[in-house]
Amino acid sequence: MPLQWPSLARAERVVLREVLVQGSLPRAEIARRLKLSRATLTRATRTLVNEQLLTEAAIERRSTTGRPSEMLRLETETFRFLGIKLTGDRLFAVVTDLGANVLFSADEPLNTAEVSDVVSQIAAMTLRAEKSYPKLTAIGVCLAGDIVDDDGEPVVMHSAFLGWDGVRLGSLIREATGVACVVQNDVLALTAAEHWFGAGAGLESMALITVGAGIGCGLVVHNELVSGAHGRAGRISHVIVDSGGPICARGHRGCASSYLVNDAIVTSLGGAPLDYDGALERARSGDRAALRAFEDAGTALGALIAHAINIIDPAKVILSGDGLAIYELAAEKVHDALSRNLDVDADLARHVDLDVQPFDFSEWARAGAVLAIKALIS
């Protein structure tokens, strides 16, 4: 049986989120940050301690002149969350605690991409996780595609990699496992994970750009993840970066996807039997044509970063994805295109906070667990 998440009042949820994102904090600082009265904070923290969500830590002196403060920190031993990332042919899974620390990870090929088979495989992975972590509270699943909320139920409207349309995945998983489940687009999930537990923790605004098999963009504005009216915010794959460039699969000439996705790089080098790993090996060995393909991709990436900055002026831009070798091989081209396309002077362009994060598919699965955590707290 899953461990039941407690019902929390708004003040309790905002206090828990503050400690979750910012780390251990003294009571006085929490009250100041959230503009809560001492009585409200006392009631909220009492509930959170009783529910084993926060714990009272040792008293610390926060400055050389201030009084010692009683610290509140996250209690990470009570609840567990299962995160799932689905690709077109694999399932990646992690179990995390409330602080999104990974306790267990696994990956395996999908038996098939049929919805019923994938749900059964997720149910089997849930049982496997519960054997070691019986306090499992919720499941979060992320995948590439359009996911919309239909009266509280996540529906996969379209997923090209899996070939799904109109799949009520959350309810299917809940019925198969008995565990609450939330489903979201993988880029939005990763953005949320970076905003709460990663390189963007504590920032009011940020942009995440992922490159690889596809191009993704997640945005945070005023401390909130931007999903859009139809769950499609951040679609930048077909922004035109060179009107004289190659034509993409959708017939657009010179859009970002015609340069930047893995398949576009392979196609520019003649296509099959070469694959992306082969193209990367050629570029790293100094092959001029391969280097040119990655440099062109770097120019496209720089333009996309500039577009994101021009639109929301984020505090930070984070790069991730399995195509990060583009930045490794063509960082200069990325920054040249970024500077050319920014609507600011050259001095301001030099102060763009660009954070390149190491990529691992298990990080996408961790983002699924963060989805589950975020849904319960929000």
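Which residues in H1 meet which residues in H2? The close-ups below start there; keep in mind that this is a predicted model.

**View 1. The H1–H2 contact, side chain by side chain.** On the H1 side we have Val-14, Val-15, Glu-18, Val-19 and Gln-22, and they meet Ile-30, Arg-33 and Leu-34 in H2. Sorted by class, this contact has five nonpolar, one polar and two charged residues.

**View 2. How helices H1 and H2 cross.** H1 covers residues 10–22 and H2 covers residues 27–34. Their axes come within 11 Å and cross at roughly 110°. Angles from 65 to 115 degrees count as roughly perpendicular, so that is the label for H1 and H2. As for handedness, H1 passes H2 in a right-handed crossing.

**View 3. The E5–E6 hairpin.** Strand E5 (residues 90–96) pairs with strand E6 (residues 102–109) in the antiparallel sense, and the pairing runs over seven bridges. To get your bearings, find Val-95, which stands opposite Phe-104 in E6. Five residues sit between the two strands of this hairpin, and Ala-100 takes a positive phi near 65°.

View 4. Glu-114 is found in the loop between E6 and helix H4, which spans 115–132. Is Glu-114 buried or exposed? The cut-off for exposed is over 50% relative accessible area, and Glu-114 comes in at 53%, so it counts as exposed.

How values were computed: Residues are numbered from 1 along each chain as its sequence is written. This is a predicted model: local features need pLDDT of at least 70, side-chain atom pairs count only at pLDDT 80 or more; totals for chains, interfaces and linings use all residues. Side-chain values use heavy atoms; hydrogens and water are left out. Two strands pair if DSSP finds at least two bridges between them. Helices (H or I, at least four residues) and strands (E, at least two) are DSSP runs, numbered from the N terminus. Axes are lines fitted to C-alpha atoms, for helices over the stretch in contact, and angles run from 0 to 180 degrees between N-to-C directions. Angles under 35 degrees count as roughly parallel, over 145 as roughly antiparallel, 65 to 115 as roughly perpendicular and the rest as oblique. A crossing is left-handed if the near helix is turned anticlockwise from the far one by less than a right angle, and right-handed if clockwise. Contact means heavy atoms within 4.5 Å. Ala, Val, Leu, Ile, Met, Phe, Trp, Tyr, Cys and Pro count as nonpolar, Asp, Glu, Lys and Arg as charged, and the others, Gly among them, as polar. Buried means under 20% relative accessible area, exposed over 50%, partly exposed in between (1.4 Å probe, protein chains only).
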